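Thanks for coming. Please have a look at the sequence and the structure on the screen, and then I will go through them.

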Protein chains: 2
Amino acid sequence: MNIHKFVMPEVIFGNGAIHQVGESCLRLGATNVLIVSDPGVIEAGWLDVVIKSCKQIGLKYTTFYDVTMNPKDSEVEKGCEVYIQNECDSIIGIGGGSAIDVAKAIAILATNGGRIHDYEGIDKIKNPLPPQVMIPTTAGSGSEVSQFSVILDTAGQKKMTIVSKSLVPDIAIVDPETLSTKSAHLTASTGLDVLTHGIEAYVSLAATPLTDVQAKNAISLVAQYLRPSVASKINKEAKTNMAMASLQAGLAFSNAILGAVHAMSHAIGGKYPILHGDVNSILLPHVMEYNLLANPKKFADIALFLGIDIRGMSDMEAGKKAIEYVKNLTLDIGAPQRLSDIGLEKEEIRKMSLIALHDACMITNPRDVTVEDIEEIFRKAW
Amino acid sequence: MNIHKFVMPEVIFGNGAIHQVGESCLRLGATNVLIVSDPGVIEAGWLDVVIKSCKQIGLKYTTFYDVTMNPKDSEVEKGCEVYIQNECDSIIGIGGGSAIDVAKAIAILATNGGRIHDYEGIDKIKNPLPPQVMIPTTAGSGSEVSQFSVILDTAGQKKMTIVSKSLVPDIAIVDPETLSTKSAHLTASTGLDVLTHGIEAYVSLAATPLTDVQAKNAISLVAQYLRPSVASKINKEAKTNMAMASLQAGLAFSNAILGAVHAMSHAIGGKYPILHGDVNSILLPHVMEYNLLANPKKFADIALFLGIDIRGMSDMEAGKKAIEYVKNLTLDIGAPQRLSDIGLEKEEIRKMSLIALHDACMITNPRDVTVEDIEEIFRKAW
């Protein structure tokens, strides 16, 4: 085993944890906080809860919520202006991966200047970031614990992946109650993103014993609780366990990085305004089929984590059962099945394959890929 | 599930990781570091490795190694004088739990003043601590990742448990190669301490899903690798896995706290100069027998983690098998079996039971205890 690193924020987990946000900021030395969210979070009432907690503790605050799906460089720049104009000294991000990724990207620009494009890639951030407290509301992105921020380069029509230890927030507040306002579609889409994080981290070339335990648990929890979570907004047991699954999958992929599904999904998300989780779940079984050869034992483990009885099976057989399970799960919860279903044009395959080939997430994919291999996987998923 | 918190340092794990200590300190802003170790670590040559790494990177340093087993308040005070006289701004601790606990305690006094006794209990530390990098060399204490420091009150003849999030070091460097210089007895004793951490954290009243995954893995690794690790100084696979077990058990108990074994062991360690791990391993099966009633399901899980085939057994039956397994493991590796073997006087039982009853670790023990219950357990272990 090579030398490896593992890093995570302080985590506060549980129903009602969101009410600790003001106190958490204060503990980090915050006095004037920028709260980044999105219109959906505001409508659900969660921004009000955060504001109340900040007010109670005497924190000054400013809000910013011009954040869209697959968030854009321009949104980060606008948010940074608000941060500077209001002399903020700390950041709260509340929402799905978009709001949290924008909050992190604003944190970069606030103390490092320049454009967000300057920080694409690994370890490009020089100065320490302001205190950051993140509150996920989707049980999906894992961004509240990760070293990642993914921002759309609008001019270049591609997603930029920014990776740095300083993007790990100081405190992640995970409150399962915030999941009760999500639609069934969003629950399905983000839940399949969690599964993708768990599986890609587990078979990643950078996986370690510390990431494996997290990935394993995340995969098991999704297998047990994603269906009931899609079925009911108020099933507390399902929400709590999906929140934990998302957190653990986030810890796994933050430290083990991801693979071809995310590389390809970033390419598509750069051009089409489609839910990240939907693209991932379409691609996941196809990429699993392609990657199976690279580590049959680990794919057999995944079958076991999913609850499949693999006794008497070879690793290859068990791995195939895992792929079948994933396909069935996406069908059960009504996830889109083909890229053509979500409006993608087939002529784009070559271009997108080239972009995917150079995505940072491709480096840790367990099987070597050429641009032709990616095209072939895209075609199968069309 | 109530709201719970989980916190851990950045971890750097792997053979050769120790050479990253200088760079790690630099990254935390250190310029002049106090290196706390003990005579055994110096003899094994590990202090020289740390000094070389600091020199290479241009760090000023001072060493302090007046640290003994069950480390004392007077040692902390002496170390703090050295820190202040030399105008240090950061701390490295390298060694077993003693050196690391002293390093942490010096960090407290360095920025908070007073006597170490002022900080006994939970969350008594007000000011931020200087940067801390810890390097365990025993695969035992877990102190390199924990919120704990345990220091002996020499006048009061009792161990003081200090608990605070700010005692979690900034960086823990875990290098399995440092385990190759430990004696078989020390390997056995510290390894059984790891098992005790894993088991007490798993059945603790403060256990959470995040601590359970760590405790589970630690218990499994001890069952697989402690015997071969005691048998050979150079079995790299065994050393690597015991280092991981110690780390994971540390993450578990740091966040789930411990139980009656540690409460009772602290009472004994306050008076007798005996290896902490030896006392723990003698007490562990007796406390497990006492606690079984409190959570048969979790004790059955432990049997499973230990590799026992529990099919067809009730939880109580499986839990008893786990206890039997622990007894056999201690016999296999030649650990002391009775408190009388290690020189304890029976007349002390009442006094020690009273001290144990009020130890911070007793709060999370899964079964209620009276002073008479503790006396009874002590007598069984005599």
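This is a predicted model: local features need pLDDT of at least 70, side-chain atom pairs count only at pLDDT 80 or more; totals for chains, interfaces and linings use all residues.

Residues are numbered from 1 along each chain as its sequence is written, chains are lettered from A and ligands numbered from 1 in the order in which they are written, and side-chain values use heavy atoms, with hydrogens and water left out.

On confidence, the model has an ipTM of 0.88 and a pTM of 0.92. The average pLDDT of chain A is 95, and 100% of the residues score at least 70; pLDDT is the predictor's confidence in each residue, on a scale from 0 to 100.

How do the chains relate?

Now the helix, α12 of chain B. Helices here are DSSP runs of H or I, at least four residues, and strands are runs of E, at least two, numbered from the N terminus. The 18 residues of α12(B), 315-332, should span 26 Å at 1.5 Å a residue, and the end C-alpha atoms are 25 Å apart, which agrees. The expected span is 1.5 Å times one less than the number of residues.

Which residues of α12(B) are buried? They are A318(B), G319(B), A322(B), I323(B), Y325(B), V326(B), L329(B) and T330(B). Seen down the axis of α12(B), the buried residues fall within an arc of 155°, so they line one face of the helix. That arc is taken from the directions from the helix axis to the C-beta atoms. Buried means under 20% relative accessible area, exposed over 50%, and partly exposed in between, with a 1.4 Å probe and protein chains only. On the other side of α12(B), K320(B), L331(B) and D332(B) are exposed. The cover over the buried residues includes α6, α7, α10 and α11 of chain B, where contact means heavy atoms within 4.5 Å.

Next, salt bridges: a side-chain nitrogen of Lys or Arg within 4 Å of a carboxyl oxygen of Asp or Glu.

In chain B, D301(B) and K297(B) pair at 2.6 Å. Both lie in α11, four residues apart, about one turn of the helix. D301(B) is buried at 13% relative accessibility, whereas K297(B) is partly exposed at 46%. A network of salt bridges links E10(A), R27(A) and K165(B).

Finally, the backbone. Most residues other than glycine have a negative phi. E87(A) has a positive phi, near 50°, and sits in the loop between α4 and β5 of chain A. A139(B) also has a positive phi, near 50°, in the loop between β7 and β8 of chain B. E87(A) is exposed at 66%, whereas A139(B) is buried at 6%.
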